[in-house]
Amino acid sequence: VYELWLIPRNGAPVAAAFLAQSPLSGSWTAGVHADMAQYVSMAATLEPAGGSRSPTSAQLLSVQLAG
């Protein structure tokens with residue numbers, strides 16, 4: 001699965017959501033419920049089915065959060 005992580009300024013990544021692909025458009029989405037002001041970036045990794053407690057593979061993408 002593609003797992004989305006919130007990255008704080010200090011500390012370990014926090015599991016936030018799984019990325020899901022729309023069968024109609026092919027676009028990817030994730031519903032993240034968090035105070036985004038607490039984090040500096042988001043990243044996605046490929047993880048075993050069911051996800052992981054911490055990232056186990058290299059980042060596939062990373063996005064800086066404004067703040």
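I began with the surface: the protein chain exposes about 4,600 Å², and carbon and sulfur atoms supply 57% of that. The area is Shrake-Rupley with a 1.4 Å probe.

I noted the ground rules. This is a predicted model, where local features need pLDDT of at least 70, side-chain atom pairs count only at pLDDT 80 or more, and totals for chains, interfaces and linings use all residues. Residues are numbered from 1 along each chain as its sequence is written, and side-chain values use heavy atoms, without hydrogens and water.

I looked up burial next. Of 67 residues, 22% count as buried (under 20% relative accessible area, 1.4 Å probe, protein chains only).

Then I checked the overall form. The C-alpha trace spans about 35 × 25 × 20 Å along its principal axes. The radius of gyration is 12 Å, which agrees with a compact globule of 67 residues, since that would come near 11 Å (over C-alpha atoms; rule: 2.2 Å times the number of residues to the power 0.38).

I listed the elements: zero helices and six strands (DSSP runs; helices H or I, at least four residues; strands E, at least two).

I followed one pair. Strand 1 (residues 2-7) meets strand 2 in the antiparallel sense over four bridges. There, W5 has A15 of strand 2 as its bridge partner.

How values were computed: Buried means under 20% relative accessible area, exposed over 50%, partly exposed in between (1.4 Å probe, protein chains only). Two strands pair if DSSP finds at least two bridges between them.
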